[in-house]
Amino acid sequence: RRGISLLEMVVVVALCALFVGVVWQFWTTTRRYSATLEERIEATQRVQRTLARLSQSLVEARRLLYPAPGAADQPGVAFLSGEGRTMLIRLVRPESSATGSLVQVDLASGAKEVLATDVRELVCRVPAVRAGRDPDLVHLRVTLETPRHQPVSLVTSARLRPLDVRCPLDR
């Protein structure tokens with residue numbers, strides 16, 4: 001009767017150890033990537049909510065005040081709200097930090113509202129318009145940072161509603 005030799009036993013143990021090592025490596029890699037992916041998804045959702053709120057504020061605005069049409073990218077946007085208040089949205093960043101908070105300021109009352117935190121960058125651009133026309137389109141880019149310091153950026157455009165300033169009797 002033949003039994004298992006020591007060499008066969010060592011080969012079986014080595015193959016089992018190799019299999020366990022491969023499964024362990026796959027599990028740790030998957031766990032690390034899934035955590036990173038979850039952070040990026042959460043940051044992307046935060047950027048989407050922030051851009052939706054900014055876009056809604058701009059759609060309801062009466063007039064765009066800053067940045068000037070055709071100018072380079074600017075770190076904020078100012079507008080006359082639908083209620084007639086002058087609003088400024090800008091990135092407030094402490095000197096020692098790479099990220100800050102996106103803040104909406106009512107310039108008349110000084111009231112501030114934080115729209116988003118962990119924001120790395122806010123970029124606003126208004127395309128050039130023909131003479132005699134008010135700017136009505138704003139391009140926005142917001143970049144947030146994940147807890148692992150990875151940037152997540154999204155871009156959108158918002159179109160201001162044109163004001164109907166005609167006399168009601170002329171319509």
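Visitor: What makes the meeting of the Arg53 and Glu113 side chains a salt bridge?

Guide: The term requires a side-chain nitrogen of Lys or Arg within 4 Å of a carboxyl oxygen of Asp or Glu. Between Arg53 and Glu113 the N to O distance is 2.1 Å, so the pair meets the criterion. The model is predicted, hence local features need pLDDT of at least 70 and side-chain atom pairs count only at pLDDT 80 or more, whereas totals for chains, interfaces and linings use all residues. Numbering starts from 1 along each chain as its sequence is written, and side-chain values rest on heavy atoms, without hydrogens and water.

Visitor: Why is this pair said to tie together parts of the chain?

Guide: Arg53 belongs to helix 1 and Glu113 to strand 5, so parts 60 residues apart in sequence are joined. Helices (H or I, at least four residues) and strands (E, at least two) are DSSP runs numbered from the N terminus. The chain has 1 helix and 7 strands, in the order α-β-β-β-β-β-β-β from the N terminus.

Visitor: How do you know whether Arg53 is buried, partly exposed or exposed?

Guide: Buried means under 20% relative accessible area, exposed means over 50%, and partly exposed lies in between (1.4 Å probe, protein chains only). Arg53 has 38% and Glu113 has 33%, so both fall in the partly exposed range.

Visitor: What makes Gly76 a buried residue, and what is in contact with Gly76?

Guide: Gly76, in strand 2, has 3% relative accessibility and therefore counts as buried. Contact means heavy atoms within 4.5 Å. Apart from neighbours within four places in sequence, Gly76 is in contact with Tyr66, Pro67, Ile89, Arg90, Leu122 and Cys124.

Visitor: Why is a set of residues called a nonpolar core here?

Guide: Such a core is a set of buried Ala, Val, Leu, Ile, Met, Phe, Trp, Tyr and Cys residues joined through side-chain atoms within 4.5 Å. The largest has 24 residues, and Leu54, Leu58, Leu64, Ile89, Leu102, Leu122 and Val142 touch the most other members. Strand 5 gives the largest share, 5 residues. Beyond four places in sequence, the contacts of Leu58 include Leu64, Val77, Phe79 and Leu160.

Visitor: What makes Ile4, Leu6, Met9, Val10 and Val13 a nonpolar patch?

Guide: Patch members have over 30% relative accessible area and no salt bridge; nonpolar side chains (Val, Leu, Ile, Met, Phe, Trp, Tyr) are joined within 5 Å, like charges within 9 Å. Val10 is in helix 1 and, at 49%, passes the area limit. Together the five expose about 540 Å² of accessible area, a value from the Shrake-Rupley method with a 1.4 Å probe, where for residues only the protein chains shown count as cover.
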